[in-house]
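User: I would like to learn how to read the main features of a model like this one. Please take them one at a time, with the general idea before the case.

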Amino acid sequence: MSSIVDKIFANTTKLIAFGVLLLVAWIFTVLFEHSIESIKTFGFTFITDTKWAPNIEKFGALPAIYGSVVSTFLAMILAVPVAIGIAIFLSEIAHAKLKTPVGISIELLAAIPSVIYGMWGLFYFVPIIRDVFGGIGISMLTAGIILSIMILPFMAAVTRDAMNTTPDILKESAYALGGTKWDVIKDVIIPYAKAGIIGSFILALGRAIGETMAVTFVMGNVHKISTDITEPATSIPVTLANEFAEADSSIYYSSLFELSLFLLIISFTIISVAKFYFLRRKRIA
Amino acid sequence: MTHTQKRILVNNIVMVLSTLSAVIGIGFLLWILSVLVINGLDALSMTIFTNEGAPPGNDNGGLKHALIGQLMLVSYAALFGVPLGVLAGTYLSEYGLKSKLSETIRDISDIMMSAPSIVIGAFVYAIVVSPMGHFSGWAGSIALTIIMIPIILRTTDDMLQLVPSTLREAAFALGAPKYKVIIQIVYRGAKAGILTGILLGVARVAGETAPLLFTSFNDNFLNMNMNQPMASLTVTMYNYATSPYEDWQRLGWAAAFILSMFILSLNILGRLFLLKKRGKH
C-alpha cells in the first residue's frame, strides 16, 4: 500500500517539476505562433523599420528597440558607479554597526514594486526634468534615470554579495603588507570577485531591459527615434503596456506578440550569460 | 609627493567618492520612501477601506474594490503556485538532486525569476483572455502563478537541501517509506525556510503590475467574480496616478502606501523566520 503512495508521490513531484520546463517551452511556442502573421508580413524589416503606425497597419519596431537600448544604457551608466560606491561602502568602509541596517534597508528597497518608482518619477522627477531641460519632462532621459534608481538597490546588493565572497584572509594579508583600503579593493577584492561583479551588472541589465512599470509612467510611448534624449520616446515593454489592451486588428496583435517574443529572447540571453558565464549558481538572490 | 603619500591621497579620494555615492543612492531611495509615506498617510482614511471607486470629483471614492480584487488575485495565485512550487522543489532536492533534469530545471527557473513579467502577461493573454473573449480575474491569477512558481521552487529546493541527511537516514532506518520521510521529517525540518520562500513569492507577485494590465485588466467597482475583469491595487494605482484628477491621484498614493507596507512586512517576516531558524542551530 505505502509503496503505491510512494510511487504516486514521487511521480507527481517529477511531473510537476518537468511541467516547469514544459511551461517555459509552451511560453516560447505560443508567443512564436502568435507572431507568425507579423513575421510573414514584415519579415526582417520588423526590427529595422522606423514606422509604427497602427492606423495603416504598418509595424516597425526600431523606435521601441532603440528606446529600450538607450534607456537601459543610460540607466546602467548612472547606476553602475553608484552601485559600486554603495558596495564598497558596505563591504569595506561602513562600521559594523552600520553595515547590517544599511544593507538590509537596501535589500528591502529592492522589494518595493517598480510601479511605485514609476509613480514617484511621474510626480516628483518629471517636473525637475521639465524645469532643467525644458519640454514636457516625459522623456527618454527621465526613463533612464528612474530605471537607474529602480535597479540600484538590486545591483548594489548583488555587487556587495560578490565583493563579500573575497576571503578575509586575502584582504588581511594585503592590509598586513601596508595596503590602503583602495589598494585592497583594486588589487585583491576586484580581481577576486571580478566575475561576480560583472555578472551582477549583467543580471541587473537583464532586469532593466524588461522593466515595464518604472518607465511606462515617464517615457511617453512616442514611436519616434530622436537623438535628443529629453524628447518623449518608447521602449519595448512600454509599447506592450500601453497598446496590448487596445490593439484592434490581428496584425496589430501579432506585431505586439513578436515584440514580446523578441523581448523574452533578449532578456533570456542576457540573463543566461550573467548566470552561466559569470555567476555559477549560488544561493538565490 | 612620495609614493606613499600619493597612495594615501588616492585612497582618501576613493573612500570619499564611495561614501558620497552611497549617500546619494541611499538619499534617493529615502526620498522615494518619504514621499510614499507622507502622501500615503495623508490620503489614508477609513472610507478608503469601505468605499468602492467613484467618478472623479466625487470625494468619497475608496479602494475597497482594488483591495478585495488584489487579495483574490494573489490568494488564488498562491493557492496554485505554492503547492506546485513546493512539490517541484521537492523533486529537485529529494529525488533528482544531481540529475540532468534537475539541473536544467534549476537553470531555467533562475532565468524565469528575472525574465520580464510583461511577457508572461502576453502569454496568458494568448492562452486565456483571447479564447475566453474577455479579460478575467482567472487570467490575472494564472499570470501571477507562473511568476510565483520558479521563486517557490528554488527556495524549497535550497531549503530542503539544508536538512541534514542523517535525519532522513534515521527515518529510513525506522522503516518509513520515502514519501513519509519527506512529509514528516524533511518538510518539518525545512518549515521555516519553505515558509520564507512562500512569503517572498507572495510579496513578489503582489507588486506585479505589468502582467495584470491585459489579463485581469481593471474594474472601478467591486467584483468578486473571477470570470470578470478584476481590479488590483497595482493597476488601479497606475490608472489613478496617470489620471488628471487630484482625488484619484490621492487614492493612487494610498494604494501605493498600503501595497508597499504589505510587501515590506512580508519581506521582514520572511527574514525573521530565517533568522529564528539560524538561531536554533
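User: How close do the axes of helix 4 of chain A and helix 10 of chain B come, and at what angle do they cross?

Analyst: Two packed helices are described by the angle between their axes and the distance between the axes. In this predicted model, the axes of helix 4 (residues 114-133) of chain A and helix 10 (residues 233-241) of chain B come within 11 Å, and the crossing angle is roughly 10 degrees.

User: Are helix 4 of chain A and helix 10 of chain B roughly parallel or roughly antiparallel to each other?

Analyst: Angles under 35 degrees count as roughly parallel. The two axes cross at roughly 10 degrees, so helix 4 of chain A and helix 10 of chain B are roughly parallel to each other.

User: Which residues in helix 4 of chain A meet residues in helix 10 of chain B?

Analyst: From helix 4 of chain A come A:Val115, A:Met119 and A:Leu122, and they meet B:Thr234, B:Met237, B:Tyr238 and B:Ala241 in helix 10 of chain B. By class, the residues of this contact are six nonpolar and one polar, with no charged residue.

User: Moving to the whole interface, how many residues of chain A are in contact with chain B?

Analyst: The size of an interface is often given as the accessible area lost when the parts come together. Here the description is by residue contacts: 71 residues of chain A are in contact with 72 residues of chain B. On the chain A side, helix 1 (residues 2-42) supplies the largest share, 20 residues. That side of chain A divides into 50 nonpolar, 13 polar and eight charged residues.

User: What is the secondary structure of chain A, and what is that of chain B?

Analyst: Chain A has ten helices and two strands. Read from the N terminus, its elements run α-β-β-α-α-α-α-α-α-α-α-α. Chain B has eleven helices and zero strands, in the order α-α-α-α-α-α-α-α-α-α-α.

User: What radius of gyration does chain B have, and what would a compact globule have?

Analyst: The radius of gyration of chain B is 24 Å, while a compact globule of 281 residues would have one near 19 Å. Along the principal axes, the C-alpha atoms of chain B fill a box of roughly 75 × 70 × 35 Å. For chain A, the box is roughly 75 × 70 × 30 Å.

User: Which domains is chain B divided into, and how far apart are their C-alpha centres?

Analyst: Chain B is divided into domain 1 (3-43) and domain 2 (50-280). Their C-alpha centres lie 33 Å apart. The contact between them takes six residues from domain 1 of chain B and seven residues from domain 2 of chain B. On the domain 1 side there are four nonpolar and two polar residues, and no charged ones.

User: Now single residues. Is B:Gln70 buried or exposed?

Analyst: A residue is buried if 20 or more other C-beta atoms lie within 10 Å of its own. B:Gln70 has 26 C-beta neighbours inside 10 Å, so B:Gln70 counts as buried. This residue is in helix 3 (residues 64-95) of chain B. Leaving out residues up to four places away in sequence, B:Gln70 touches B:Ser232 and B:Leu233.

User: Is B:Ile182 buried or exposed, and what does B:Ile182 touch?

Analyst: B:Ile182 is buried, because 24 other C-beta atoms lie within 10 Å. B:Ile182 is in helix 8 (residues 178-189) of chain B. Residues up to four places away in sequence aside, B:Ile182 touches B:Thr90, B:Glu94 and B:Tyr187.

User: Is A:Lys97 buried or exposed?

Analyst: The cut-off for exposed is 12 or fewer such neighbours. A:Lys97 has 8 C-beta neighbours inside 10 Å and therefore counts as exposed. A:Lys97 is found in helix 3 (residues 96-109) of chain A. The C-alpha atoms of A:Lys97 and A:Thr45 are separated by 57 Å, and the two residues are 52 residues apart along the chain.

Definitions and conventions:
Residues numbered from 1 in each chain as written. Chains lettered and ligands numbered in written order. Predicted model: local features only at pLDDT ≥ 70, side-chain atom pairs only at ≥ 80, totals over all residues. Contact = placed C-beta atoms within 7 Å. Helix = DSSP H or I, 4+ residues; strand = E, 2+ residues; numbered from the N terminus. Nonpolar A, V, L, I, M, F, W, Y, C, P; charged D, E, K, R; others polar. Rg over C-alpha atoms; globule rule 2.2 N^0.38 Å. Domains from an automatic or database assignment. Axes fitted to C-alpha atoms, helices over the stretch in contact; angles between N-to-C directions. Parallel < 35°, antiparallel > 145°, perpendicular 65-115°, else oblique.
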